[in-house]
Structure formats: structure tokens, C-alpha cells
Amino acid sequence: MVKRLFITLGCMIYIMTACSGKSTNLITADDASAGSTIEMRVGDKLDVKLEGNPTTGYNWTIESVDSQIIKQLGESEFKQNKQSQNLVGAGGSIIHHFEAIKSGQTQLKLIYHRPWETDVAPIKIFEITIVVR
């Protein structure tokens, strides 16, 4: 009898714990997402994965975003394309990581440029609208 009670209580605690946690989504945006609107919930994560090659001096940097609505998580990272793995100077993807922290709407604009060339227009611009509910 006591054994059944413990098993029942254990199952109830497990079910309550599993159901009470907020689930978060990982959303990925890429070059094809440019110009689109992405809907998120507070706590959701967003990875923006854009083609790039930092060995050329060009890099994707954040031009504008409301950091009260989404925040960047750490630094961007570079992942080399699998087909050109271990080749010096090969391109790949530059990935920026974000988290939705407050309800609202913001434009996320990234520019692909050489950061030291301040009087030169970026060669690519990536913009999306983010709506956090």
C-alpha cells in the first residue's frame, strides 16, 4: 500500500513538473528570411544565420534593434561550410544569437561591411521585423 502511494506521488510530481515548465522555441532566420516578420514569445531564442566570410574583412554587424525587446546572447560565431571544411579563407555562416525578453515589435537590421570603412556603404543589408507576444 505504501509502495503504491509513493509510486502514485512520484508520477504526480513528474507530471506536474513536466507540465509547469515554459517551453521555448529556437527559431532560425537566414538570407531567405530577409523582409519577413518573425513572431516569437518571451523566452524564445532566435538564431540569425547569414552567409559570410570574415577572412575578407567583411562581417555582419547589428545596425539597429530595440534591445529592450530582444537581446543578443554573446558574440556572433562563424561556422565554415562543411564542403570547404579546413580550407583557409573559405566562407561559411555568421550566426547571431538572440533571446526575446519583452513583448513588443522591433526591426532587426544587420549590415555586411568592413567595420573600419566608415565612409563605404555596406555590400549587403538584412532586415526582419520581430514581434514578441
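The model is predicted, so local features need pLDDT of at least 70 and side-chain atom pairs count only at pLDDT 80 or more, while totals for chains, interfaces and linings use all residues. Residues are numbered from 1 along each chain as its sequence is written, and side-chain values use heavy atoms, with hydrogens and water left out.

Start with the core. A nonpolar core here is a set of buried Ala, Val, Leu, Ile, Met, Phe, Trp, Tyr and Cys residues joined through side-chain atoms within 4.5 Å; buried stands for under 20% relative accessible area, exposed for over 50% and partly exposed for anything in between (1.4 Å probe, protein chains only). The largest such core holds 21 residues, and M40, L46, V48, L108, F126, I128 and I130 touch the most other members. At least two core residues come from each of β1 (26-30), β2 (37-40), β3 (45-52), β7 (92-100), β8 (104-113) and β9 (124-132), with β9 giving the most, 4 residues. Strands are DSSP runs (E, at least two residues), numbered from the N terminus. Contact means heavy atoms within 4.5 Å; not counting residues up to four places away in sequence, L108 touches L46, V48, I62, S64, V65, F98, F126, E127, I128 and I130.

Next, two single residues. I69, in the loop between β4 (59-64) and β5 (70-72), counts as buried because its relative accessibility is 6%. Beyond four places in sequence, the contacts of I69 include E99, A100, I101, K102 and V132. K45, in strand β3, is partly exposed at 29% relative accessibility.

Now the rings. Rings of Phe, Tyr and Trp (its six-membered ring) pair if their centres lie within 6.5 Å, with planes under 30 degrees apart called stacked, over 60 edge-to-face and the rest tilted. That rule gives 2 aromatic pairs. Y58 and Y112 are stacked, because their centres are 5.5 Å apart and their planes meet at 25°. Since Y58 lies in the loop between β3 and β4 and Y112 in strand β8, this pair ties together parts 54 residues apart in sequence. Y58, W60 and Y112 form one aromatic cluster. W60 is buried at 3% relative accessible area, and Y112 is buried at 5%.
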